[in-house]
Amino acid sequence: MVSNPVHGLPLLPGTSFKDFTKTAFHRSQTLGYRNGYAIVRRPTVGIGGDRLQFNQLSQAELDELANKAPVLTYGQPKQAPPADFIPAHVAFDKKVLKFDAYFQEDVPMSTEEHYRIRQVNIYYYLEDDSMSVIEPVVENSGIPQGKLIKRQRLAKNDRGDHYHWKDLNRGINITIYGKTFRIVDCDRFTQVFLESQGIELNPPEKMALDPYTELRKQPLRKYVTPSDFDQLKQFLTFDKQVLRFYAIWDDTDSMYGECRTYVIHYYLMDDTVEIREVHERNDGRDPFPLLMNRQRIPKVLVENAKNFPQCVLEISDQEVLEWYTAKDFIVGKSLTILGRTFFIYDCDPFTRRYYKEKFGIADLPRIDVSKQEPPPVKQELPPYNGYGLVEDSAQNCFSLIPKAPKKDIIKMLVNDNKVLRYLAALESPIPEDKDRRFVFSYFLATDMISIFEPPVRNSGIIGGKYLGRTKVVKPYSTVDNPIYYGPGDFFIGAVIEVFGHRFIILDTDEYVLKYMESNAAQYSPEALASIQNHVRKREAPAPELESKQTEKDPGVQELEALIDTIQKQLKDHSCKENIREAFQIYDKEASGYVDREMFFKICESLNVPIDDSLVKEVNGISLCHPGWNVVSLS
């Protein structure tokens, strides 16, 4: 009799008790999911939430008990319950059949191969009857490899049937998406599975090899006749023995070319050449050590190899008839290496001993290749264009930003405000120019000349500034070496040519005579005598001139009397030195004349009393000639 496990009473009506605390009487869930796959899960609790007792028997014992028929003392035996259903995705989870196969691919655009064998692995997934084709990746093959066909169910024919594991075997061809794959073998698990399902497997086949890949694995054929020369002996004999030469590369004939120094190393162990650069301090170049890396240099190329791309590919013995050797490097000779001509001018002591012992060449000379300073190039100025002064125009040729010509500061300070004035007449065939008079002002501080023409009423000629301050070049002087007029060129009767116009000096003021006497070394005796004689004649008038003066026009005599009166008032004033400086300041053109308004302004600024009635009759006052001799305050 079955008893209740809770209180031990028999499980009969009236002897069982209901547990009112239990509210859930559903069956436990036995089907779950793990990593996206459905799996069977054994229940841990029964109906009502009571925990089930786990069976500690082994799987073999459980199977034996499940197959054992119960023996009862009464009635017919009951049929054994069916086994648990296990889905295919659970039974065949992570069970994959692997087949080794290959397919042939045509190569129409190559002369070295006509077809290509590509080896692949075919995987068959038993849980959902899907397949995938994967080609092992070969490094640097240049072919897109990896997963050729992703995992999916593959169609077998046009009727919609799909490939099944029963259709796969060794030694058969299968067509997938137009490509025929030859299955040659399978792994151990696949073989056991197919044999357990009653499929007879064909014998395995050898995997087909790619002919081009096998050809590349073979060693290259060398069509070189073996030589008797022992390179190992050369290496052991001449190891660490290097010939050193000092050379120059003269590229001065090309634009921006220069002469540079190099060191050429010739390695006797393998007949290679290396060219190193020689850097100097502050030479403006990157400190790159090598011009040419260590390599063999061809001397004579094959006729067909002259167009060989040497800058891209290495030159082999097939393109070269003769290589450079040690006998080609001689001091005092030139040799061309990679298009550059190097002149060897010296070598080291070891190289001298080697050439003496090997080739019998003794006393290799040392050639002097030091640069000789070129003769200084004389700067030639362009021809003068006539604008401005020659010195000022020449500054444009000396520097990019022209500077003003240097001035003699001492001379300017010593001769400041010192002006020599001369009266001159214009030498011209035109009758109207005979009566014209000009005042030359020579500035001792800058050696410049200005010309002023006093205005004459009713003459028909506009007076005023005739020439601004500038240096005047003497005639017949060259443009490259101009000669300017100086103080010694101005004397009575001298002819001064100013830009094609000839002037004759007629008179001077007293300051010119004093300056000439104090600086007699600058003037010739004839020039000094001409000024002195002229001044004496002017101070001592002739009798005929006095008789003429008595016969002058009354209007002229009255004008001279008015000027004399005004000049006497200026001389009698206590600040006559200030008056002189004021007139020189306001006479900016150094013409010797000021107008009436300026004259009154100067007198008012210096508090000089002047009778207005006297000045109204005078239109202008001459500070040079003839009035300067009278009003001279020196």
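Predicted model: local features only at pLDDT ≥ 70, side-chain atom pairs only at ≥ 80, totals over all residues.
**Ground rules**

I number residues from 1 along each chain as its sequence is written, and I leave hydrogens and water out, with side-chain values resting on heavy atoms.

**Entry: overview**

I looked up the secondary structure before anything else. The protein chain has 16 helices and 24 strands. These are DSSP runs, helices being H or I with at least four residues and strands E with at least two, numbered from the N terminus. I then checked burial: 29% of the 634 residues count as buried. Buried means under 20% relative accessible area, exposed over 50% and partly exposed in between, with a 1.4 Å probe and protein chains only. Residues 24 or more positions apart make up 47% of them.

**Entry: the largest core**

Which residues touch the most other members of the largest nonpolar core? I found Tyr422, Phe440 and Phe490, in a core of 27 residues. A nonpolar core is a set of buried Ala, Val, Leu, Ile, Met, Phe, Trp, Tyr and Cys residues joined through side-chain atoms within 4.5 Å. Among the elements that each supply at least two residues of this core are β17 (419–427), β18 (437–443), α9 (510–518) and α10 (525–539). I listed the contacts of Phe440, leaving aside neighbours within four places in sequence. They include Tyr422, Ile449, Ile451, Phe490, Val498 and Phe503. A second, separate core has 25 residues, including Ala247, Tyr262, Ile275 and Val331.

**Entry: aromatic pairs**

A pair of aromatic rings is described by the distance of the centres and the angle of the planes. My rule takes rings of Phe, Tyr and Trp (its six-membered ring) with centres within 6.5 Å; planes under 30 degrees apart are stacked, over 60 edge-to-face and the rest tilted. I count 21 aromatic pairs by this rule. The ring centres of Tyr422 and Phe490 lie 5.1 Å apart with planes at 20 degrees, so this pair is stacked. It joins distant parts of the chain: Tyr422 is in strand β17 and Phe490 in the loop between β20 (464–470) and β21, 68 residues apart. Tyr422 and Phe490 are both buried. Phe490 also pairs with Tyr442; the centres are 5.7 Å apart and the planes at 55 degrees, so I call this pair tilted. Tyr442 is in strand β18, 48 residues from Phe490. Tyr442 is buried. One aromatic cluster holds Tyr422, Phe438, Phe440, Tyr442, Tyr466, Tyr485, Phe490 and Phe503.

**Entry: charges over rings**

Here I required NZ of Lys or CZ of Arg within 6 Å of the ring centre and within 35 degrees of the ring normal. The charged end of Arg296 sits over the ring of Trp323, 4.3 Å from the centre. Arg469 lies over the face of Phe443, at 3.7 Å from the ring centre.

**Entry: sheet with β17**

Two strands pair if DSSP finds at least two bridges between them. I read an open sheet of six strands in the order β20-β19-β18-β17-β22-β21, with antiparallel pairing. β20 and β21 are the edge strands, each pairing on one side only. The twist averages 30 degrees from one strand to the next. Four bridges join β21 and β22. The bridge partner of Val495 is Ile504 in β22. Helix α9 packs on the sheet, touching β17 and β22, and its direction makes about 115 degrees with that of β17. Axes are lines fitted to C-alpha atoms, for helices over the stretch in contact, and angles run from 0 to 180 degrees between N-to-C directions.

**Entry: sheet with β9**

Another open sheet of six strands has the order β12-β11-β10-β9-β16-β15, with antiparallel pairing. β12 (290–295) and β15 (334–337) each have a single partner strand, so one side of each lacks a neighbour in the sheet. Neighbouring strands are turned by 35 degrees against each other on average, direction ignored. Nine bridges join β9 to β10. Phe245 has Ile264 in β10 as its bridge partner. Helix α6 (residues 349–358) lies across β9 and β16, at about 110 degrees to β9.

**Entry: Ile330**

Is Ile330 buried or exposed? At 15% relative accessibility, Ile330 counts as buried. Ile330 lies in the loop between β14 and β15. Beyond four places in sequence, Ile330 is in contact with Ile344, Tyr355 and Ile361.

Conventions: Contact = heavy atoms within 4.5 Å.
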